[in-house]
Amino acid sequence: MKTMVEIDTRTPQAKQFVKFTRTLPFATVVESKKKDFKEAVAQCDGRPAGEFFDELRRQVKEHFNHA
């Protein structure tokens, strides 16, 4: 069984806890950098909201004009 704990390391206590955890033979510390918004959007091929809604309106209009 594995348990994952997310720790915000901005405080000295949290940094000390992570340092201690690294010494434990049964624990592994994996650090990850959170992505900023632009990185996350690029990763999922996101597009601006205006572009999305323009395409949505076009598709709705096209669908109901053929009904």
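Visitor: Is arginine 58 buried, partly exposed or exposed?

Guide: This is a predicted model, and in it arginine 58 counts as partly exposed, at 42% relative accessibility.

Visitor: Which residue does the side chain of arginine 58 meet in a salt bridge?

Guide: The side chain of arginine 58 meets that of glutamate 55, with an N to O distance of 2.6 Å. Glutamate 55 counts as partly exposed as well, with a relative accessibility of 24%.

Visitor: And how are glutamate 55 and arginine 58 placed in helix α3?

Guide: Glutamate 55 and arginine 58 are 3 residues apart in helix α3, so about one helical turn separates them. In general terms, side chains of opposite charge can pair when their charged atoms come close.

Visitor: Which residues are linked with Arg58 in a network of salt bridges?

Guide: Glu55 and Glu62 are linked with Arg58 in that network. Glutamate 62 also lies in helix α3, and at 43% relative accessibility it counts as partly exposed.

Visitor: How many salt bridges does the count come to?

Guide: The count comes to 6 salt bridges. Among them is the one between the side chains of arginine 10 and aspartate 8, at 2.6 Å from N to O. Arginine 10 counts as exposed at 70% relative accessibility, whereas aspartate 8 is partly exposed, with a relative accessible area of 45%.

Visitor: Let me step back to the fold. How many helices and strands are there?

Guide: The protein chain has 3 helices and 0 strands, and from the N terminus on its elements run α-α-α.

Visitor: What radius of gyration does the chain have, and what would a compact globule of 67 residues have?

Guide: The protein chain has a radius of gyration of 23 Å, while a compact globule of 67 residues would have one near 11 Å. Taken along the principal axes, the box filled by the C-alpha atoms is roughly 65 × 30 × 15 Å.

Visitor: What share of the residues is buried?

Guide: Buried residues make up 4% of the 67 residues in the protein chain. The accessible surface comes to about 7,000 Å², and 58% of that belongs to carbon and sulfur atoms.

Visitor: Which residues are buried in helix α1?

Guide: In helix α1, which covers residues 12-22, the buried residues are Ala14, Val18 and Thr21. Seen down the axis of α1, these buried residues fall within an arc of 60°, so they line one face of the helix. Pro12, Gln13, Gln16 and Lys19 are exposed on the other side of α1.

Visitor: Changing topic, which residue has a positive phi although it is not a glycine?

Guide: That is aspartate 45, whose phi is about 55°. For background, most residues other than glycine have a negative phi. Aspartate 45 sits in the loop between α2 (37-43) and α3, and at 68% relative accessibility it counts as exposed.

Visitor: And the loop between α1 and α2, which residue is found there?

Guide: Alanine 27 is one of the residues found in that loop, and it counts as partly exposed at 22% relative accessibility.

Visitor: How far apart in space are glutamate 62 and threonine 23?

Guide: Glutamate 62 and threonine 23 are 62 Å apart, C-alpha to C-alpha, and 39 residues apart in sequence.

Visitor: Last one: how far apart are the mean positions of the positive and negative charges?

Guide: The protein chain has 13 positive and 10 negative charges, and their mean positions are 7 Å apart.

How values were computed:
Residues numbered from 1 in each chain as written. Predicted model: local features only at pLDDT ≥ 70, side-chain atom pairs only at ≥ 80, totals over all residues. Heavy atoms only, no water. Helix = DSSP H or I, 4+ residues; strand = E, 2+ residues; numbered from the N terminus. Rg over C-alpha atoms; globule rule 2.2 N^0.38 Å. Buried < 20%, exposed > 50% of the residue type's maximum accessible area, 1.4 Å probe, protein only. Areas by Shrake-Rupley, 256 points an atom, 1.4 Å probe, with all protein chains shown as cover. Lys, Arg positive; Asp, Glu negative; His and termini not counted. Charge placed at Lys NZ, Arg CZ, Asp CG, Glu CD. Salt bridge = Lys/Arg side-chain N within 4 Å of Asp/Glu carboxyl O. Arc of directions from axis to C-beta.
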